[in-house]
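Below are some notes on the model, for your review.

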Amino acid sequence: MQAETAPLTFDIKPSANCLPEQDRLKAFENLGFGTLFSDHMAVIRWSADKGWHAAEVTARAPFPIDPASSVMHYAQEIFEGMKAYRTADGRAVLFRPEENARRFNESARRMAMPELPEALFLEAVEQLVRADAKWIPAAEGSSLYLRPFMFASETFLGVRPSKEYIFCVIASPVGPYFKGGAKPVSIWVSQDYTRAASGGTGAAKCGGNYAASLVAQAEAYAKGCDQVVFLDAAEHKWVEELGGMNVFFVMADGSIVTPPLGGTILPGITRKSLIALAREEGITVDEKPYSFDEWKADAASGRLKEAFACGTAAVVAAIGTVKYPQGEFQIGGGETGPVTTRLRDALVGIQRGQTDDAHGWLKVLEGV
Ligand code: PLP
Ligand code: COI
C-alpha cells in the first residue's frame with residue numbers, strides 16, 4: 001500500500017495529569033522492564049480515503065476498540081523497539097532511529113499495512129521524547145524504551161487488509177531486561193515449537209510472531225531458563241534466534257558466527273551494529289548457518305569460547321547455560337567472556353555518548 005506523503009503538523013496537547021516529579025523519581029530508583037509508562041503518547045491515524053492524518057501528542061490513555069476491529073480477529077499489528085538515552089554530558093539521543101523507521105515499513109509491507117513515511121515515524125518518536133524528556137532516566141543501564149506500533153482498527157469481519165489503522169508511540173523508562181541484570185543468561189532450546197518458516201513472517205516485527213513464541217518461552221521459564229532459542233522450521237537443526245534477541249557465537253580462533261538473515265529471523269539493528277563494530281576491530285564475522293549439534297560439540301571441545309544474545313531491550317547478554325531435553329552444557333564456564341564484554345562496551349559507549357560516534361549512529365535531539 002502506498003504511503004500518504006502530505007506534510008502533517010503534530011497537535012501537541014500536554015497532559016493535565018502528569019505523574020508528580022517525586023513519584024517519577026521514586027519509580028526511577030528501581031526500574032525493571034516495561035511496567036512503568038510516561039505521561040504522553042504520539043498518535044497518527046490512517047484511512048484509505050484520507051491517508052495519514054490527525055497527528056497528535058496527547059495524554060497517554062486507552063483506545064476505545066470496537067469488538068469487531070480487525071486487529072482483534074486477524075492480528076494485523078506491527079511494532080518497533082528503540083531507546084532514548086541521556087548521555088553523561090546531558091544530551092538526549094536516539095540510536096539509529098532511521099533503521100527502525102525502515103524496518104517498520106518492511107514489516108508493514110509484509111502485513112499488507114500502509115507504510116508510514118520515515119520522516120513521519122521519526123517525527124512522532126521525537127515529538128514524544130520532547131514531550132516526555134523528563135522521563136529519560138540518566139542512571140547507567142537505564143533508558144527510555146520507545147515502542148512505536150500500528151494496528152488495524154477498521155470495524156469489519158471480512159478477511160482482507162483493514163482500511164483504517166492507528167499508529168502510536170508510547171514510552172517506558174527501563175532498566176535491565178533480565179531480572180539477573182548483567183549476569184549471563186540461561187537458554188532453553190525449543191524442540192517442539194518453531195518461530196518462523198520460509199515464506200512466513202519471521203523477518204517482520206509483527207505481534208503474531210511473539211504470540212506464537214509464548215508457549216515456548218513459557219516452557220523455557222518452566223525449565224528455569226531466561227529465554228528460548230528456536231531452531232529452523234524445515235530441519236529442526238539450525239540455530240535461528242531467541243524469542244526477542246539475535247544470537248552470536250565467539251570461536252576459539254577469534255572469529256564470530258551468527259545465523260544469516262534469510263527471512264525467518266528478525267534483522268536486528270543491534271546485530272547489524274555489532275557486526276560492524278566487530279569487523280572494525282579486525283574480527284572475522286561469518287553470517288552462516290550454525291547447527292545445534294555443532295553448538296553442543298563446540299562447547300564440549302572448547303572450540304566455542306563465548307555466546308551472547310543481543311537486542312535493543314536486552315543490549316548484549318552473555319549466554320552462560322544452554323538446556324535441552326536430554327541435558328545441558330555451559331559456555332565459557334558460565335561467565336561473560338572478554339569478546340562479549342568488549343563488544344558490549346563498544347556499543348554501549350556509543351549509545352551513551354561516552355565514545356566517539358564515528359558512524360553517525362546517534363541522533364541528538366537538540367534542546368531536549
Ligand atoms: N529478534 C527478535 C525476535 C526481537 O524481538 C528483537 C528485538 O527487537 C531482536 C531480534 C533484536 O533486534 P534489535 O536489535 O533491532 O532490537
Ligand atoms: C526489543 O528488543 O526492542 C524487543 O522488541 C524485544 C522484546 C523482547 C522486548
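1. Across the interface of domain 1 and domain 2 the rule finds one salt bridge, defined as a side-chain nitrogen of Lys or Arg within 4 Å of a carboxyl oxygen of Asp or Glu. The side chains of Glu99 and Lys272 form a salt bridge, at 3.0 Å from N to O.

2. This is a predicted model, in which local features need pLDDT of at least 70 and side-chain atom pairs count only at pLDDT 80 or more, while totals for chains, interfaces and linings use all residues. Residues are numbered from 1 along each chain as its sequence is written, and side-chain values use heavy atoms, without hydrogens and water.

3. The domain assignment (automatic or from a database) divides the protein chain into domain 1 (11-174) and domain 2 (185-351). Their centres, taken over C-alpha atoms, are 27 Å apart. Domain 1 and domain 2 each give 20 residues to the contact (heavy atoms within 4.5 Å).

4. About 1700 Å² is buried between domain 1 and domain 2, with 60% of it on carbon and sulfur atoms; buried area is the accessible area (1.4 Å probe) that two parts lose on being put together, summed over both. On the domain 1 side, Phe79, Phe95 and Arg103 lose the most area to domain 2, together 35% of what that side buries.

5. Leu157 sits in the loop between strand 7 (143-152) and strand 8 (164-174); strands are DSSP runs of E, at least two residues, numbered from the N terminus. Leu157 has a relative accessible area of 52% and is therefore exposed (over 50%, 1.4 Å probe, protein chains only).

Terms used: Chains lettered and ligands numbered in written order. Helix = DSSP H or I, 4+ residues; strand = E, 2+ residues; numbered from the N terminus. Buried < 20%, exposed > 50% of the residue type's maximum accessible area, 1.4 Å probe, protein only.
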